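Subject: Structure handover

Hello,

I am passing on the structure we spoke about, and my notes on it follow below. Please read them with the model open.

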Amino acid sequence: MAIACPGCSLPMAQLAVDAHYGRTVTLDLCHACGAFWFDVNESLALTPGAVLKLFVVIAERHQERCPPSGSPTCPRCRRTLALTSDMQRNVHFSYWRCPAEHGRFTTFAEFLREKNFVRPLSAPELEQLRANVKMIHCSSCGAPIDLDHTSTCGYCRAPVSVLDAKQVETVVAQLKHDETERRTVDPTLPMRLMADRLHVERLFKSLDHSPGLVEAGLAAVAELLTVGD
């Protein structure tokens, strides 16, 4: 069932995408706010192909968004979400987190930052921007940023960033490669898994007098990892 958007309370749209280990997850997104609601660990479960799919969704609807204002509330328990800062690949990003760990509310811009599509501006780029523009709006929350005094949003603390074409090209190419590799099935995999299983079973049988299960398991796995070296 559709849930109410934490930002504007309108019903959120739903989108089914691939997750790791052959699963499918149904994500909730609000085109009005330009944001996603991720239940616990849904963002981490996305396959490379799912990330690319969401990038296309963001690109198609990004201009329509009106970033959330005020204090978003959790659609599961209605508690006020906590603004949270995190870091991925040395890039800072933020989101609103449910204090009861039901999930998190992430704007499109912060999702792009988290997945490495967006990068902060360098010092020379900031100086050039200041020379031409005095005030911009934060791509994450919509708040005004006075470039004469700061290079980060005073509300959500997001740095002034840019969607770099070269960066996007690199990330998209890597995601496509990872998705192709994920979908490529090795025809010898079942036989190799069976051989590994039999090998481990024989090792465990030979370690009946080991001082403990952990020690026996470690010895078996170590032996397995050295096979074929």
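Strand E3 (35-39) is covered on both faces: Ala35, Trp37 and Asp39 are buried on one side, and Phe36 and Phe38 are buried on the other. Please keep in mind that this is a predicted model. With five of its five residues buried, E3 is largely enclosed by the rest of the structure.

E3 has two strand partners to look at. Strand E2 (residues 24-30) pairs with E3 in the antiparallel sense through three bridges, and leucine 29 stands opposite phenylalanine 36 in E3. The two strands make a hairpin with four residues between them, and glycine 34 in the turn has a positive phi of about 70 degrees. E3 and E6 also run antiparallel, joined by five bridges; here tryptophan 37 stands opposite phenylalanine 105 in E6.

Helix H5 (165-183) is one of the elements that supply at least two lining residues, and its five residues are the largest share. By class, the lining of the largest pocket has six nonpolar, seven polar and four charged residues.

The second largest pocket holds about 270 Å³ of space. It is lined by 16 residues, and nearest its centre are Asn41, Ser43, Leu44, Tyr95 and Arg104. E3 returns here, as one of the elements that give two or more residues to this lining.

Regards

Methods
Residues are numbered from 1 along each chain as its sequence is written. This is a predicted model: local features need pLDDT of at least 70, side-chain atom pairs count only at pLDDT 80 or more; totals for chains, interfaces and linings use all residues. Side-chain values use heavy atoms; hydrogens and water are left out. Ala, Val, Leu, Ile, Met, Phe, Trp, Tyr, Cys and Pro count as nonpolar, Asp, Glu, Lys and Arg as charged, and the others, Gly among them, as polar. On a 1 Å grid over the protein atoms alone, a cavity is a set of points where a 1.4 Å probe fits but cannot get out, and a pocket is an open set with protein on both sides within 12 Å along at least five of seven lines; lining residues have an atom within 4 Å of a point. Grid points are joined across faces, edges and corners, and a volume is the space filled by probe spheres set on the points. Buried means under 20% relative accessible area, exposed over 50%, partly exposed in between (1.4 Å probe, protein chains only). Two strands pair if DSSP finds at least two bridges between them.
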